[in-house]
Amino acid sequence: MQRINRLFSCVLCGAALLLGAAGAAAQYPTKPVRFVIAFSPGGPSDILSRLVGGKLSERMRQPFVFDNRPGAGGNIAGEIVARSVPDGYTLMIANNSVLAANASLYKKMEFNPAQDLVPVVWVASQPNILVVHPSLPVKSVREFIDYARARPGQLNYASSGSGAAAHLAAELFKSMTKTDMVHIPFKGAAPALTDVLAGRSQLIFATALSVQPHLQVNRLRPLAVTTLQRMNTMPDLPTVAEAGVPGFEASTWHGLVAVAGTPRAVTDRLNKEVNAVLQDPQVRKFLESQGAIVQGGTADKFAAHIKAEIPKWARVIKESGARVD
């Protein structure tokens, strides 16, 4: 009888804990939410995080605190989220570096994105644009390839970090065009762009979101867009594929993730709220004006996209020989 009573007490205790967790999830959020940002201020990850987080703060009536933790291609921020308490109060808008490429690029990682992070919602995809400093005497992809081949090892390309989409796009370009250029990694798109604007690096594969303001004042020269289709906002800019590198395609994408074990009720609520944010006319107008493709949808849609991207970038990394110890 005593054993039965103890068992009954354990069942009641477990039920109470489940009800308590469900109640906490239903009331979520009841305190500030931390958005960890994997790259420095001013880049696409930072812009998207602050845009989405700011709107979530308005809708969910709690502050969203932004914490930039750049470095290691997003791994520093990813590890912070992966080691956080699974309660929905530490989140991250991660990109293809953290979720798809770094596991193949880095010799050692302190967390496993596929196991330690859970997809919540796909936010947006962004074309990259191959841009060069105006001092380079080239006005097309074909001219640039000829120029680079004549100067092996003499051109620098900047990126927002080892393993970032800008890095991998350039490595894919090098591999497909048989060119030799030097990688200069930074801790975000903003300092990388600054280096190209100053002429210390000659080119970058940058997201439309981060580079368009500089194109409007002719501080950088666009040569081509990296997606298979042209951008609606820049219809005269050819794709890399049609400009001389058939089959070339590389884009940047971002999505909201939480630490594995976060209550489903919390991630479902976040998915619902982010989808609502992405339907906001002002948000959509801004993102589309910057060349971004608004995504949204279910967590399963985002998970399937990540799963498809992992082998794609693993192949690019293997073929290019790119590696970070």
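Analyst: What follows takes those topics in turn, for a structure that is a predicted model.

User: Fine, start inside. How many cavities of 30 Å³ or more are there?

Analyst: The count comes to one cavity of 30 Å³ or more, and the volume of this largest cavity is about 170 Å³. Its lining is made up of 20 residues, and those closest to the centre are Pro44, Ser160, Ala166, Ala189 and Thr207.

User: Which elements give two or more residues to that lining?

Analyst: Those elements are helix 2 (44-60), helix 7 (165-177), strand 7 (203-207) and strand 9 (251-259). The largest share comes from strand 7, which supplies four residues to the lining.

User: And what does the lining of the largest cavity look like by class?

Analyst: By class, the lining of the largest cavity has eleven polar residues and nine nonpolar ones, with no charged residues.

User: Now the open spaces. What lines the largest pocket?

Analyst: The largest pocket holds about 260 Å³ of space, and its lining consists of Pro127, Thr227, Gln229, Arg230, Met231, Asn232, Thr233, Glu288, Gly291, Ala292, Ile293 and Val294. Divided by class, these lining residues are five nonpolar, five polar and two charged.

User: How much space lies in the second largest pocket, then?

Analyst: About 220 Å³ of space lies in the second largest pocket. The residues that line the second largest pocket are Val118, Pro119, Val120, Thr262, Arg264, Thr267, Asp268, Asn271, Thr298, Ala299, Asp300 and Ala303. Two or more residues of this lining come from each of strand 4 (117-132), helix 10 (264-278) and helix 12.

User: Which helix gives the most to that lining?

Analyst: Helix 10 gives the most to the lining of the second largest pocket, with four residues. By class, the lining of the second largest pocket has five nonpolar, four polar and three charged residues.

User: Let's switch to packing. You mentioned helix 7 and helix 12, so at what angle do they pack?

Analyst: Helix 7 and helix 12 (residues 299-320) pack at an angle of about 55°, and their axes are 9 Å apart. Angles from 65 to 115 degrees would count as roughly perpendicular and those under 35 as roughly parallel, and helix 7 and helix 12 are therefore oblique to each other. The crossing of helix 7 and helix 12 is left-handed.

User: Which residues of helix 7 and helix 12 meet?

Analyst: On the helix 7 side they are Leu168, Glu171, Leu172 and Ser175, and these meet Trp313, Val316, Ile317, Glu319 and Ser320 in helix 12. By class, the contact of helix 7 with helix 12 has five nonpolar, two polar and two charged residues.

User: What about helix 8 and helix 9, how do their axes cross?

Analyst: The axes of helix 8 (residues 189-197) and helix 9 (residues 208-216) cross at roughly 30° and come within 11 Å. That angle makes helix 8 roughly parallel to helix 9. Helix 8 passes helix 9 in a right-handed crossing.

User: And who makes the contact there?

Analyst: Ala189, Leu193 and Leu197 of helix 8 make the contact with Ser210, Val211 and His214 of helix 9. The contact of helix 8 with helix 9 has four nonpolar and two polar residues, and no charged ones.

User: Last topic, the backbone. Which residues does a cis peptide bond join?

Analyst: Most residues other than glycine have a negative phi, and most peptide bonds are trans. In this model a cis peptide bond joins Tyr28 and Pro29, with omega about -5°, and Pro29 is found in the loop between helix 1 (2-27) and strand 1 (33-37).

User: Where does Lys178 lie, and what is its phi?

Analyst: Lys178 lies in the loop between helix 7 and strand 6 (182-185). Its phi is near 55°, a positive value in a residue other than glycine.

Terms used. Residues are numbered from 1 along each chain as its sequence is written. This is a predicted model: local features need pLDDT of at least 70, side-chain atom pairs count only at pLDDT 80 or more; totals for chains, interfaces and linings use all residues. Side-chain values use heavy atoms; hydrogens and water are left out. On a 1 Å grid over the protein atoms alone, a cavity is a set of points where a 1.4 Å probe fits but cannot get out, and a pocket is an open set with protein on both sides within 12 Å along at least five of seven lines; lining residues have an atom within 4 Å of a point. Grid points are joined across faces, edges and corners, and a volume is the space filled by probe spheres set on the points. Ala, Val, Leu, Ile, Met, Phe, Trp, Tyr, Cys and Pro count as nonpolar, Asp, Glu, Lys and Arg as charged, and the others, Gly among them, as polar. Axes are lines fitted to C-alpha atoms, for helices over the stretch in contact, and angles run from 0 to 180 degrees between N-to-C directions. Angles under 35 degrees count as roughly parallel, over 145 as roughly antiparallel, 65 to 115 as roughly perpendicular and the rest as oblique. A crossing is left-handed if the near helix is turned anticlockwise from the far one by less than a right angle, and right-handed if clockwise. Contact means heavy atoms within 4.5 Å.
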